Amino acid sequence: MKEQLKKVWHFVKTSTLLKYVVVTVFAVVFIGFVDENSVLSHLRNKQTISSLEQEISLYNAQHKENQNRIKQLDRDPKAIEKIARERYFMKEDDEDIFILSDDLPEEENNLADDEATE
């Protein structure tokens with residue numbers, strides 16, 4: 001085994017062309033897979049760029065939608081009234097607001113569960 005390795009090593013040392021081939025293959029492997037600017041890092045960066053471009057398009061769509069809402073609020077006073085009623089529970093003087101909820105406080109939830117199991 002040692003003799004075979006010595007023969008291969010001697011052949012590599014004496015062959016000028018093989019030296020260049022070995023160095024070139026080593027450089028390609030190092031640059032292609034090990035270096036920080038490797039092919040793998042370029043692929044990861046391209047994937048990151050594509051996901052960020054998708055986010056940008058999503059944010060642009062949201063921006064257009066919000067711009068349309070702002071224009072609608074500028075033109076239509078009833079839209080302002082609708083938002084005030086829905087989001088901030090504002091009302092006129094002669095109105096009453098009832099908020100219906102299915103959520104029970106934590107203690108009532110536990111009591112209802114205990115009664116259901118009995």
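1. Start with the make-up of the lining of the largest pocket: three residues are nonpolar, one is polar and four are charged. Here Ala, Val, Leu, Ile, Met, Phe, Trp, Tyr, Cys and Pro count as nonpolar, Asp, Glu, Lys and Arg as charged, and the others, Gly among them, as polar. The lining consists of Arg-69, Gln-72, Leu-73, Ala-79, Lys-82, Ile-83, Glu-86 and Arg-87.

2. Before going on, keep in mind that this is a predicted model, with pLDDT of at least 70 needed for local features and 80 or more for side-chain atom pairs, while totals for chains, interfaces and linings use all residues. Numbering runs from 1 along each chain as its sequence is written, and side-chain values use heavy atoms, leaving out hydrogens and water.

3. The volume of that largest pocket comes to about 200 Å³. A pocket is an open set of points on a 1 Å grid over the protein atoms alone, where a 1.4 Å probe fits, with protein on both sides within 12 Å along at least five of seven lines; lining residues have an atom within 4 Å of a point. The volume is the space filled by probe spheres set on the points, which are joined across faces, edges and corners.

4. Which helix gives the most to this lining? H4 does, with five residues; H3 and H4 (77-88) each supply at least two. Helices are DSSP runs (H or I, at least four residues), numbered from the N terminus.

5. Arg-69, one of the lining residues, sits in helix H3 (residues 39-75). Arg-69 is partly exposed because its relative accessibility is 42% (buried is under 20%, exposed over 50%, partly exposed in between, with a 1.4 Å probe and protein chains only). Its side chain makes a polar contact with that of Glu-65 at 2.9 Å; such a contact is a pair of N or O atoms within 3.5 Å, where within protein one must be able to donate a hydrogen and the other to accept it, and residues adjacent in sequence count only if both atoms are side-chain atoms. Ten residues along the chain from Arg-69 is Ala-79, with 9.1 Å between the two C-alpha atoms.

6. The whole structure has one aromatic pair. The rings of Phe-26 and Phe-30 have centres 6.4 Å apart and planes at 20 degrees, so they are stacked (ring centres within 6.5 Å, planes under 30 degrees apart). Both belong to helix H2 (residues 16-34), four residues apart, so about one helical turn separates them. Phe-26 is exposed at 59%, whereas Phe-30 is partly exposed at 39%.

Key:
Rings of Phe, Tyr and Trp (its six-membered ring) pair if their centres lie within 6.5 Å; planes under 30 degrees apart count as stacked, over 60 as edge-to-face and the rest as tilted.
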